[in-house]
Amino acid sequence: MPMTAPDFPANSLVARCGPSLIGLAAFGVMALIAWLGAPYQSILQWWGIQPGDRLFIDSEAVLLAMDCWRQGADVFVPNACMGGGYYSYSPTLLKAALLPIGPEDTVVVGMAVMAAFLASLCLLPPAQLWGELGLRCAAVLSTAAAFAVERANVDVIVFVITILGLWHLSGRGAARALGYGAFLVAAAVKFYPVTLLGLVVRERFWIAVATAAAALAALGLVLLGSGDKVREAVQLAPAWPPLYDVFGARNLPLLVSQMVGHTESAALRAPLPATGWLTMAVLVAAAAWIASRSAAADARRWPLVPAREAIFMIGGMVIVLGCFIAAQNASYRAIFLLAALPGLVTLVRGGQSRALLIGVMLLLWGDLFRHLERMIAFLAIGGSAGIILDIVFWTLRELLWWAVMARFAALIAVFVWFTDTGTRFRTWARDLMVAR
C-alpha cells in the first residue's frame with residue numbers, strides 16, 4: 001500500500017504539479033521584475049546565483065550562433081559575427097538554424113524553455129506526503145534550478161528531453177523505444193546523455209543487446225554526419241579552475257596538483273600529474289568503500305521502490321554520475337538530481353538513505369551556501385583566515401559530491417543486479433567458476 005498521509009491528495013494536480021506551480025510563481029515574478037527594469041541581479045545574488053547582465057544569456061548565445069551559422073560564419077572559432085566569441089555545443093543543435101529564429105527571439109525562447117522545464121516536472125511520479133511535496137518545491141527553487149532557468153541553458157532542454165525519455169521508459173512495449181529515441185536526441189544535442197543508453201540493461205538480455213546496438217549505430221550516424229565539428233565542440237568544452245563553482249571528479253586532484261607547484265593552465269587541460277592521480281586513487285578507494293558499505297542495505301530495500309520511481313531515480317543518477325566522472329560541470333547541471341528525488345524519498349520511508357537525500361538537497365542548494373560562506377570569509381573575516389575558510393568549505397563540498405556519487409554508484413549497481421542482464425551475468429560467472 002502507498003504510504004500516504006490520510007489528508008494528502010495523492011495523484012492529484014497538487015501532488016503532481018505543485019512544485020511546478022511554485023516554480024512558475026517564483027520564476028515568473030523574477031522575469032516580471034527583470035522586464036520592469038528593476039535590479040533583479042541583486043535578488044539572484046542573494047539566491048546564490050551569479051547572474052548575467054540580462055536574462056537567458058545562454059539561449060541568446062546559441063541563437064546568435066545559429067544566426068551566424070546561417071550567414072556562413074565558422075562559429076567553432078572566435079569570429080566577428082559572435083563578437084569574438086565562439087560556439088562550444090554539439091553541431092547537431094545548429095540544425096535548428098533552419099528555423100526562422102535569432103537572438104531577437106531570446107525572451108520568447110527563454111520563457112518557452114522555462115515553461116517546458118516546469119511542465120516536465122509534472123511527469124515525475126506524484127508526491128506521496130506533504131513533507132515530500134515540500135521537499136520537491138525546495139528542490140525546484142534551489143540555486144541549481146534557478147541558475148539553469150535564469151540562463152535558459154541548453155542543459156534545461158536536455159533535462160526536458162531526458163524526463164520525457166524516462167517517462168516513456170517507465171511504460172510498456174513500444175513506448176520504451178520512444179524513451180531510448182529521446183535519449184538519442186538528447187545525446188545528439190549535448191553528448192553526455194549517451195550514458196542513459198546504459199538503461200537498456202533493464203530489458204531482457206537479447207532485447208537489451210539489440211536495442212543498444214541499434215541506438216549506438218543511430219547515434220554514430222548522426223555524429224558522423226557532423227564530421228570534425230563534433231571533435232571541435234568537445235575540445236572547446238570549457239575548463240575551469242578547481243575553486244570555481246563547478247563539480248567533477250577532477251576538481252580535488254587539480255587543486256592538489258596546483259598546490260604542489262603545477263601551473264593552473266597546465267593542470268586544467270593536460271593529463272593529471274602524479275600527485276593528481278594519487279589523489280584521485282585515494283578518492284576512488286574511499287568512494288568504493290562507501291559504495292560497498294551501503295550496497296547490501298540498498299539491495300534489501302530495493303523492492304520497496306516502485307518501477308516508475310526506480311527508472312526516474314536511476315536515470316537521474318546515471319546522468320549525474322557520468323557527468324561527474326567525465327568532466328567539470330557548471331553547477332546548474334545538478335538539476336538532474338530532481339529526477340532522483342521521488343525514489344530517494346521512498347527509500348527514506350523504508351528506513352534507508354536519509355543521509356543521501358540530505359546530501360542531494362545540500363548539493364542542489366550548494367551555491368547559496370557558498371555565497372553565504374564567502375560573505376563570512378571575505379567580508380567578516382578577511383585576510384588569509386578568510387581564504388582558508390573558503391578552501392575548507394570548498395573541500396567539504398567536493399567530499400560531499402564524492403560521497404553522494406559513491407552512493408549513486410551503489411544504487412546503480414543494485415539496479416543492474418536485479419535486471420535480467422544482471423541475472424544472466426551472475427549465472428555465467430557462477431558457471432565459469434564451477435567449470436574451473
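Why is helix H6 (residues 143-151) largely enclosed by the rest of the structure? Nine of its nine residues are buried, so the rest of the structure largely encloses it. Buried means under 20% relative accessible area, exposed means over 50%, and partly exposed lies in between (1.4 Å probe, protein chains only). This is a predicted model: local features need pLDDT of at least 70, side-chain atom pairs count only at pLDDT 80 or more, and totals for chains, interfaces and linings use all residues. Residues are numbered from 1 along each chain as its sequence is written, and side-chain values use heavy atoms, with hydrogens and water left out.

**Helix H6**

- Helices are DSSP runs (H or I, at least four residues), numbered from the N terminus.
- The buried residues of H6 include Phe147, Val149, Glu150 and Arg151.
- Ala152 follows H6 and has a positive phi, near 50°.

**Disulfides**

- The structure holds two disulfides, each a pair of cysteine sulfur atoms within 2.5 Å.
- Cys17 is joined to Cys122, S to S 2.3 Å.
- This pair links distant parts of the chain, 105 residues apart: Cys17 is in helix H1 (residues 13-35), and Cys122 is in the loop between helix H4 (106-120) and helix H5 (130-140).
- Cys17 is buried at 13% relative accessible area, and Cys122 counts as buried at 19%.
- Cys68 is joined to Cys81, S to S 2.0 Å.
- Here Cys68 sits in helix H3 (residues 57-70) and Cys81 in the loop between H3 and H4, 13 residues apart.
- The torsion about the S-S bond of Cys68 and Cys81 is about -90°, so this disulfide is left-handed.
- Cys68 is buried, with a relative accessible area of 0%, whereas Cys81 is partly exposed at 31%.
- With the bonded cysteines numbered in sequence order, the pairing is 1-4, 2-3.

**Other cysteines**

- The closest cysteine sulfur to that of Cys137 is in Cys122, 11 Å away, too far for a bond.
- Cys137 is buried at 14% relative accessible area.
- Cys323 is buried too, at 5%.

**Nonpolar surface patch**

- Trp46, Ile358, Leu362, Phe369 and Leu372 make a nonpolar surface patch of about 480 Å².
- Helix H16 (354-364) and helix H17 (366-381) each give two or more residues to this patch.
- Ile358 lies in helix H16 and is partly exposed, at 48% relative accessible area.
- Patch residues have over 30% relative accessible area and no salt bridge; like charges are joined within 9 Å, nonpolar side chains (Val, Leu, Ile, Met, Phe, Trp, Tyr) within 5 Å.
- A salt bridge is a side-chain nitrogen of Lys or Arg within 4 Å of a carboxyl oxygen of Asp or Glu.
- Accessible areas come from the Shrake-Rupley method with a 1.4 Å probe; for residues, only the protein chains shown count as cover.
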